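Please look over the sequence and the structure before reading on.

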Amino acid sequence: MTVELTARTAAGRDLVALAERLAEDLAGRAGAHDRDGSYPFESIDALRSCGYMAAPVPAALGGLGVSSVHDVIVASGRLARGDASVAIGVNMHLVVVQNLARRWRMARAAGDQRREQLFARSLRPIARGEVVMAAAMSEAGQDLTRPATRAERTATGWRVDGHKIFCTMSPAATSLLTSVRFLDDDGIERFGYAEIPADAPGVRIHDDWDALGMRASGSHSVTFDGVELPASALRGGFRTGRLVPYLERNLDAGLFHASASLGIAEAALAAAARPERIGDDPRARMLVAEAAIDLSASRAAIARAATLIDDHHAANPAGRGTDAEVTALFAQAQAAKTFVN
């Protein structure tokens, strides 16, 4: 019997079961897409149609209501067993959705109806399957809290110029959540997020991704050349150079990356450890045993980090917690990511 990670909530268990069914379907196409370097649009369509892309959206807003980071991570690992390229792309979408859902719950707990409604406005189209988000965050030689991509004020809103790399799932995205640097009304430089339609004039998604084994993740680079946006497209933010607000918004991002690696490891060990493959070869048996040990430790590391984040959210329903707590949690998640990867 294989002891694997399991969901802790009823909604999470349903999501894991859904991910297992989807993985079987995805697996039949994964190899062909990687060989061809083609994008698996049909796989993304399948995930959208069944509601998987809206897993963290609260049930009250039309989603599957999986609020547990741990449970979404477990489901992501299951999905990666079938096609890790698809899973890592979907994970970039889920990181954003999970953060939006967390912000919605925080506003609700604090009684801030204005913010609650604003986040609900973003989450409902996701629940309806109308929005697929790719995270346009990474930059060459970047400073994490000072994006080189800039948003400049115009008479009608904003103009965005910049270049992003590793924009995973960009071929299927309807919206690019883009980190930008801008000046607020007081002339203070801030880090913010702009929601940019993927088909907006001035957006160019470059066909430049060709990583063996991950060709179908669609992690292309993206250029924004004078992209015009309405004032409402830019939201959130904190002063550039401040680290804790950045860490808090990305607490679980590393675990989503690690979940794809975990799924790869689980599928690989299942394939390698078949009796007809290893037979009585002592060297092969030793290698399988070592892999099983590594997998057991990886499961423990990722589950503990995800559970710590769930516990932190439960203890801080209306706020982010202390700077020390956020920093320690981020370190735990990144340690687990590094170990699992």
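This is a predicted model: local features need pLDDT of at least 70, side-chain atom pairs count only at pLDDT 80 or more; totals for chains, interfaces and linings use all residues.

The lining of the largest pocket is made up of 19 nonpolar, 13 polar and nine charged residues.

**The largest pocket**
- The largest pocket holds about 1000 Å³ of space, and of the 41 residues that line this pocket, those closest to its centre are A135, M137, Y246, N250 and A253.
- Helix α4 provides the largest share of the lining of the largest pocket, namely seven residues.

**The second largest pocket**
- In the second largest pocket there is about 430 Å³ of space, and among the 19 residues that line this pocket, L118, S122, E195, S232 and R235 are the closest to its centre.
- Two or more residues of the lining of the second largest pocket come from each of α5 (113-127) and β8 (234-239), and the largest share, eight residues, is that of α5.
- By class, nine residues of the lining of the second largest pocket are nonpolar, five are polar and five are charged.

**Cavities**
- When the whole structure is searched, two cavities of 30 Å³ or more are found.
- The largest cavity contains about 100 Å³ of space, and the residues that line the largest cavity are V95, Q98, N99, R102, R103, E248, R249, L251, D252, I309 and H313.
- At least two residues of the lining of the largest cavity are supplied by each of α4 (84-110), α6 (243-249) and α9 (282-315), with α4 giving the most, five residues.
- Five charged, three polar and three nonpolar residues make up the lining of the largest cavity.
- The second largest cavity has a volume of about 40 Å³, and its lining consists of R48, G51, M53, A54, I126, A127, G129, V131 and V132, of which six are nonpolar, two polar and one charged.

**Residues with positive phi**
- F166, although not a glycine, has a positive phi of about 50 degrees; F166 belongs to strand β3 (residues 157-167), and with a relative accessible area of 49% F166 is partly exposed.
- M169, which is not a glycine either, has a positive phi of about 70 degrees; M169 is found in the loop between β3 and β4 (175-183), and M169 counts as buried because its relative accessibility is 0%.

Terms used: Residues are numbered from 1 along each chain as its sequence is written. Side-chain values use heavy atoms; hydrogens and water are left out. Helices (H or I, at least four residues) and strands (E, at least two) are DSSP runs, numbered from the N terminus. Buried means under 20% relative accessible area, exposed over 50%, partly exposed in between (1.4 Å probe, protein chains only). On a 1 Å grid over the protein atoms alone, a cavity is a set of points where a 1.4 Å probe fits but cannot get out, and a pocket is an open set with protein on both sides within 12 Å along at least five of seven lines; lining residues have an atom within 4 Å of a point. Grid points are joined across faces, edges and corners, and a volume is the space filled by probe spheres set on the points. Ala, Val, Leu, Ile, Met, Phe, Trp, Tyr, Cys and Pro count as nonpolar, Asp, Glu, Lys and Arg as charged, and the others, Gly among them, as polar.
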